[in-house]
Each structure stands twice: as structure tokens, then as C-alpha cells.
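Here are my notes on this model, point by point. Please read them with the structure open.

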Amino acid sequence: MEEDDLMKTCEALIIGGSAGSLDVLLKVLPDLRPDLPFPIIIVIHRKHGADSLLPELLKGRTTLIVKEVEEKEPILAGTIYVAPSDYHLLIEQDLTFSLDSSEKVNYSRPSIDVTFQTAAEVYEDKLVCMLLSGSNADGVNGLKAVKAYRGRAIIQNPADAQVPYMPAQAAQNVVIDASLNIEDTAKFINLLS
């Protein structure tokens, strides 16, 4: 993909991950510019009731607003949203969030696939989705939907991932726009606009 295509307008960045992805976020967030013109939505597999301090942990690493998603909340630029545990996070056409407690997808709730797929239908070619370290294939079908709507699919370089299975599955099954090492990720995000 041409660099101009890779850097075309971004209206939302969604980052999905599982085992090993929190370490990536803790290294990337401090280097994000404070005036990002789009929201970042984070969907991390975590046990119900556990990691309830995740938004607080992330807040300590960035000057951007960090908050756990609430039902029907409007999606605002310059904010980092964290999917709550035990709910699927859906993006609605009116640019609000919906929380759903239906069956798990890929043994996960929240499912990265669900968020990627619903966001692709809303943001189409203005969406960037990034899949980080993890131990199952959640996110692969979501990235296929992102590509079908002409959005951009980014993965953590599997060789750089603590648990390479998730980004490796994406690389094998989806046409990926970029594969990033941790140290290149903040720069990539900061260049999106």
C-alpha cells in the first residue's frame, strides 16, 4: 500500500488485543500526541471483575482522556475508550457506543471481531484497526470486514509480540496494511489524521 493511502483520513482507531497486549499499550500511550483528532477505542480480553483498574492504569500513561465506555455514550475525538469486561462493544451509526451481553465470540466478551465489524460498517474507509499480541484468532474476521469496507488493517509484528498467535493469524488470513514493532507504533498513530 502506498504511504499516502496508509495515511489517509482516520476518524477512529480501534486497538484489539489479548495476552501480552497491555504491555504494548503501556509503552505506546506515553508517546501519543495530546491533540489526536480521532478517538482510540481499546478492546482487550479480560476476565469479568478483574482488571477493573485498567482505565486507571492507562490514565497514568497519557495526557489524553481515558475512560471506560458507558452505554449510549457519544464517541469523541481525543479520547481513549476502554471496552468494559463482559460486554461486547458495538459502534452505532449515530457515533455512540452500545454494550451487549450476548454469547461470547471466539470465547471472548468483549470480542474484538464484534467491535471491528460494527465499526467498519460505520466508519468505512476512515477506520484504522490494529491487532496486538494475543493467544486466539479473535479480530481476524473483524479485520476482514474492515478491509471489505476499505479501512486499514494493522498488526503488531508477530516476531515482536509476546504472544504472536493473534497477529500471525491475521497476517495469514487478511491483507495487512502494516506490521509494526512496538517502538514504531506511537509514531504511526501520531501520523494518522
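1. In which helix is S21 found? It belongs to helix α2, residues 21-28. Helices (H or I, at least four residues) and strands (E, at least two) are DSSP runs, numbered from the N terminus.

2. A word on the source. This is a predicted model, in which local features need pLDDT of at least 70 and side-chain atom pairs count only at pLDDT 80 or more, while totals for chains, interfaces and linings use all residues. Residues are numbered from 1 along each chain as its sequence is written, and side-chain values use heavy atoms, with hydrogens and water left out.

3. S21 counts as buried because its relative accessibility is 0%. Buried means under 20% relative accessible area, with a 1.4 Å probe and protein chains only. Leaving aside neighbours within four places in sequence, S21 is in contact with I44, L132 and S133. Contact means heavy atoms within 4.5 Å.

4. α2 lies across β1, β2 and β8, and runs at about 155° to β2. For such angles, axes are lines fitted to C-alpha atoms, for helices over the stretch in contact, and the angles run from 0 to 180 degrees between N-to-C directions.

5. Helix α6 (residues 165-173) lies across β1, β7 (127-131) and β8. Its angle to β8 is about 140°.

6. Now the sheet. Seven strands form an open sheet with parallel pairing, in the order β3-β4-β2-β1-β7-β8-β9. β3 (65-68) and β9 (178-180) are at the edges, each with a single partner strand, so one side of each has no neighbour in the sheet. On average, neighbouring strands are turned by 20° against each other, direction ignored. Two strands pair if DSSP finds at least two bridges between them. β8 and β9 pair in the parallel sense over three bridges. Q156 has L180 in β9 as its bridge partner.

7. Where is there enclosed space? The count is one cavity of 30 Å³ or more. A cavity is a set of points on a 1 Å grid over the protein atoms alone where a 1.4 Å probe fits but cannot get out; lining residues have an atom within 4 Å of a point. The largest cavity holds about 30 Å³. V24, M130, L132, I155, Q156, L180, I182 and T185 line the largest cavity. β8 (152-156) and α7 (182-191) each give two or more residues to that lining.

Definitions and conventions. On a 1 Å grid over the protein atoms alone, a cavity is a set of points where a 1.4 Å probe fits but cannot get out, and a pocket is an open set with protein on both sides within 12 Å along at least five of seven lines; lining residues have an atom within 4 Å of a point. Grid points are joined across faces, edges and corners, and a volume is the space filled by probe spheres set on the points. Buried means under 20% relative accessible area, exposed over 50%, partly exposed in between (1.4 Å probe, protein chains only).
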